[in-house]
Number of protein chains: 4
Amino acid sequence: MTTHADLERRPLRRDAARNRDRVLAAAGQVFDARGLDASVADIAAAAGVGMGTLYRHFPTKEALVDALVRDVLEAIIKMAEQALEQPGGTGLEHFLHASAAYQTEHRGCLPRLWSSDHELIRSARRYIARLLTEAKQSGRVREEVTSTDITVIMWSIRGIVEATHELATPAWQRHLEILLAGLRPSAARLGYPALRQRQVDEILSVST
Amino acid sequence: MTTHADLERRPLRRDAARNRDRVLAAAGQVFDARGLDASVADIAAAAGVGMGTLYRHFPTKEALVDALVRDVLEAIIKMAEQALEQPGGTGLEHFLHASAAYQTEHRGCLPRLWSSDHELIRSARRYIARLLTEAKQSGRVREEVTSTDITVIMWSIRGIVEATHELATPAWQRHLEILLAGLRPSAARLGYPALRQRQVDEILSVST
Amino acid sequence: MTTHADLERRPLRRDAARNRDRVLAAAGQVFDARGLDASVADIAAAAGVGMGTLYRHFPTKEALVDALVRDVLEAIIKMAEQALEQPGGTGLEHFLHASAAYQTEHRGCLPRLWSSDHELIRSARRYIARLLTEAKQSGRVREEVTSTDITVIMWSIRGIVEATHELATPAWQRHLEILLAGLRPSAARLGYPALRQRQVDEILSVST
Amino acid sequence: MTTHADLERRPLRRDAARNRDRVLAAAGQVFDARGLDASVADIAAAAGVGMGTLYRHFPTKEALVDALVRDVLEAIIKMAEQALEQPGGTGLEHFLHASAAYQTEHRGCLPRLWSSDHELIRSARRYIARLLTEAKQSGRVREEVTSTDITVIMWSIRGIVEATHELATPAWQRHLEILLAGLRPSAARLGYPALRQRQVDEILSVST
DNA sequence: GATGAATGAGATTTCATTCAT
DNA sequence: AATGAATGAAATCTCATTCAT
């Protein structure tokens with residue numbers, strides 16, 4: 001019999017799990033192709049399941065998008081983790097490249113990527129702070145750069161990815177190089193202050 | 001009956017022109033506040049005109065958005081024009097700041113800003129090319145930078161503006177400083193090639 | 001031009017008013033025939049209008065039912081008003097018969113009749129109190145009867161109307177006679193206290 | 001007690017019977033709390049069984065409601081049976097009170113109480129007829145009252161119970177007193193004829 | 001020319017019922 | 001026999017667009 005405790009986080013039955021994954025994959029593809037305005041019915045059809053199945057797993061269209069966002073964020077966190085193993089303080093650079101590349105593969109949910117799921121974003125932030133510290137210690141990034149500067153860089157990449165997803169040649173690579181050049185130690189100090197972390201939090205908590 | 005040819009030529013009656021402007025202003029405000037999903041009816045109400053009037057001036061919701069985009073692009077072109085008068089090759093920098101600032105004021109149509117209206121964009125490009133040339137001649141930007149790099153920069157700014165429009169302190173200012181620092185002459189060459197102009201055109205012609 | 005003041009309660013255009021009435025009439029018929037679970041689409045079809053038209057007039061299915069309830073309550077109030085003109089303290093009896101008869105003609109919304117629209121119900125109550133006073137003064141109803149007793153009588157009639165609407169012969173007429181006999185002056189006092197007005201209000205304010 | 005199970009012939013296994021009872025109890029509670037529109041899934045969850053189990057015992061949501069109605073009717077019959085033991089012809093009055101009280105405890109299925117299950121209702125009628133006869137013989141109820149009058153009274157009580165179930169003080173007690181007063185012997189004869197038994201049967205056979 | 005009511009095709013979401021595990 | 005995931009047909013409601021007034 002089913003005790004109540006089981007209900008909290010029961011592992012999905014195998015077929016149910018397969019359907020959940022199918023729906024998520026279909027949603028990714030459909031959103032990539034037609035944007036977030038694509039209809040839920042189309043996603044269900046693409047996944048080869050009924051509407052009811054989709055809604056059993058994701059009680060809301062929003063929940064479906066959130067799940068995609070969560071997947072992307074988790075992948076990004078994993079990239080940050082792996083980037084920490086890069087030698088010579090190059091982890092940050094590797095991370096920015098890798099996460100931008102990943103976003104081009106999952107651009108469907110980008111419009112919501114930075115406006116939800118605070119928990120994971122906070123988790124990512126800790127890795128980024130460490131990557132930044134190492135980059136500074138290795139002299140690859142100037143001291144005055146803050147981790148909010150990196151956050152803003154990630155926000156900025158979305159615009160490029162969305163504008164250029166049709167191109168074979170990724171446009172963000174060169175752009176990132178310019179940015180990194182701008183982060184290198186330099187005699188010229190930055191004139192404007194960095195965002196304070198609190199301001200970033202504020203933005204994320206007032207998600208659209 | 002009004003033939004289509006007439007519309008091209010005949011100037012709008014004064015009250016008609018006023019209505020057109022009202023609708024456009026209302027659309028700007030409503031899209032700024034509630035995003036492009038805001039309903040046409042809300043815009044008509046905000047403008048204080050009937051739906052019929054709105055549709056007389058803009059035969060489609062899309063047409064309305066295009067008109068807003070056009071306004072922004074025209075404003076950007078004007079800024080580029082004025083930036084040419086800046087001394088010492090600083091025009092490009094002034095222009096980027098000014099256009100970013102302007103976008104925060106008109107963020108409603110940003111999602112479509114770079115995916116339509118090729119004509120004006122091409123016009124803007126010519127100014128930007130001249131601004132870039134001057135910046136290079138003054139030694140403020142390194143030689144290898146192309147005008148497609150500037151295009152990409154403008155794309156990138158959208159992400160920041162959309163993520164941070166709620167903040168009093170603009171986040172793009174410092175970001176732009178970092179970018180400009182990255183554009184300055186430097187011993188380290190960029191590794192990735194710039195987008196070719198043809199690639200940019202390709203993107204713009206396949207508007208969403 | 002339309003000033004804002006006009007918007008408050010602009011009279012409907014003639015065709016719009018006709019459509020509103022059609023929808024209301026169709027809703028009455030459909031609910032009468034198939035109960036409140038009948039679909040809004042069926043009502044729109046029965047009214048010969050599109051869904052959008054229906055929803056322009058009644059932004060919610062609930063609003064549609066409320067409008068029907070309101071109509072019934074207004075009719076009931078009018079009956080109470082007219083009953084005051086009956087001579088010899090018989091107004092209350094006439095009113096109870098008339099309102100029961102009217103309910104059988106509009107049984108579609110009965111399930112919600114006594115669970116909404118407090119304003120009109122309060123208004124009805126004032127007339128009922130006067131009818132009761134007159135009935136007592138004429139010796140047709142015993143002194144200890146309160147107007148909440150009459151309220152409860154009206155609640156009770158719903159069950160009969162709903163159970164017997166298919167019959168040609170109304171069943172509530174004889175039942176009402178028995179009730180009225182029970183209200184006549186008598187040596188035997190009632191043992192249970194009447195509901196207090198506050199309790200009735202409580203019920204109406206916690207509408208389903 | 002499950003007389004219904006016998007119909008199939010084979011007695012239910014003990015655990016199956018327990019599940020059936022659980023479902024029925026859960027249905028009662030859920031319908032009481034949220035009305036007949038509550039979902040079958042909620043009932044299954046409240047019962048702690050799967051949907052399949054629920055549907056094994058009750059092939060339809062309707063069948064579930066019917067079973068609840070049947071339980072109530074059986075309880076009412078039992079009350080009638082016991083009321084026959086009351087002295088002095090007071091059985092009818094005791095019965096009406098008791099059955100009204102019981103209905104307030106099981107109001108979930110009231111909307112269907114008098115529109116199904118002819119068999120049990122006919123059985124109840126026989127007891128009621130005897131209660132009525134005794135009441136008349138004791139002079140507590142006037143001769144002209146018929147058992148269909150009592151049926152109508154029971155229908156009428158539903159409206160009160162449904163309107164007042166939130167109140168601590170039951171409202172139907174005083175109402176029943178008024179009704180009983182109306183049934184007492186009196187010089188004034190009733191003007192309208194009672195429903196004929198055939199009419200009542202007609203209603204019950206055309207269940208919604 | 002202006003108005004805003006009407007349209008009706010979807011969009012999201014729910015739920016009674018079935019069926020694979 | 002029991003479970004609960006899957007189904008898919010509604011149901012309610014929205015909104016870009018048209019058209020009668």
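Student: Which residue just after helix 3 of chain A takes a positive phi, and of about how many degrees?
Tutor: This is a predicted model, so the angle is computed from predicted coordinates. Look just past the end of helix 3 of chain A. The residue there is G48(A), and its phi is about 75 degrees.

Student: Which residues of helix 3 of chain A are buried?
Tutor: Helix 3 of chain A spans residues 40-47. A residue needs 20 or more other C-beta atoms within 10 Å to be buried. In this helix, the buried residues include I43(A), A44(A) and A47(A).

Student: How many helices and strands does chain A have?
Tutor: Read the elements of chain A from the N terminus on: α-α-α-α-α-α-α-α-α-α-α. The count for chain A is 11 helices and 0 strands.

Student: What percentage of the residues of chain A count as buried?
Tutor: The C-alpha atoms of chain A fill a box of roughly 65 × 45 × 35 Å along the principal axes. Among contacts in chain A between residues at least 6 apart in sequence, 71% join residues at least 24 apart. Of the 208 residues of chain A, the buried share is 39%.

Student: Are helix 5 and helix 6 of chain A roughly parallel or antiparallel?
Tutor: Helix 5 covers residues 61-83 of chain A, and helix 6 covers residues 91-105. Their axes lie 9 Å apart, at an angle of about 155 degrees. Angles over 145 count as roughly antiparallel. Helix 5 and helix 6 of chain A are therefore roughly antiparallel.

Student: How many nonpolar, polar and charged residues are in the contact of helix 5 with helix 6 in chain A?
Tutor: From helix 5 of chain A come A75(A), I76(A), M79(A), A80(A) and A83(A). They meet G91(A), H94(A), F95(A), A98(A), S99(A) and Y102(A) in helix 6 of chain A. By class, this contact of helix 5 with helix 6 of chain A has 8 nonpolar, 3 polar and no charged residues.

Student: In chain B, are helix 5 and helix 8 roughly parallel or antiparallel?
Tutor: Helix 5 (residues 61-83) and helix 8 (residues 118-137) of chain B have axes that come within 9 Å. These axes cross at roughly 20 degrees. Angles under 35 degrees count as roughly parallel. So helix 5 and helix 8 of chain B are roughly parallel.

Student: Is the crossing of helix 5 and helix 8 of chain B left-handed or right-handed?
Tutor: Residues of helix 5 of chain B in this contact include L73(B), I76(B) and I77(B). Those of helix 8 of chain B include A124(B), Y127(B) and I128(B). By class, the contact of helix 5 with helix 8 of chain B has 11 nonpolar, 1 polar and 3 charged residues. The crossing of these helices of chain B is left-handed.

Student: In chain C, is the crossing of helix 6 and helix 10 left-handed or right-handed?
Tutor: The axes of helix 6 (residues 91-105) and helix 10 (residues 172-183) of chain C come within 11 Å and cross at roughly 155 degrees. That makes these helices of chain C roughly antiparallel. Their crossing is right-handed.

Student: Does H118(C) count as buried or exposed?
Tutor: H118(C) is found in helix 8 of chain C. Not counting residues up to four places away in sequence, H118(C) touches L204(C) and S205(C). H118(C) has 12 C-beta neighbours inside 10 Å, so its class is exposed.

Student: Which helix gives the largest share of the side of chain A that touches chain B?
Tutor: Here 35 residues of chain A are in contact with 35 residues of chain B. Helix 9 (147-164), helix 10 (172-183) and helix 11 (197-205) of chain A each supply at least two residues of that side of chain A. The largest share, 10 residues, comes from helix 9 of chain A.

Student: How far apart are the closest C-alpha atoms of chain A and chain C?
Tutor: No contact joins chain A and chain C. Their closest C-alpha atoms lie apart by 21 Å.

Conventions. Residues numbered from 1 in each chain as written. Chains lettered and ligands numbered in written order. Predicted model: local features only at pLDDT ≥ 70, side-chain atom pairs only at ≥ 80, totals over all residues. Axes fitted to C-alpha atoms, helices over the stretch in contact; angles between N-to-C directions. Helix = DSSP H or I, 4+ residues; strand = E, 2+ residues; numbered from the N terminus. Parallel < 35°, antiparallel > 145°, perpendicular 65-115°, else oblique. Left-handed = near helix turned anticlockwise from the far one by under 90°. Contact = placed C-beta atoms within 7 Å. Nonpolar A, V, L, I, M, F, W, Y, C, P; charged D, E, K, R; others polar.
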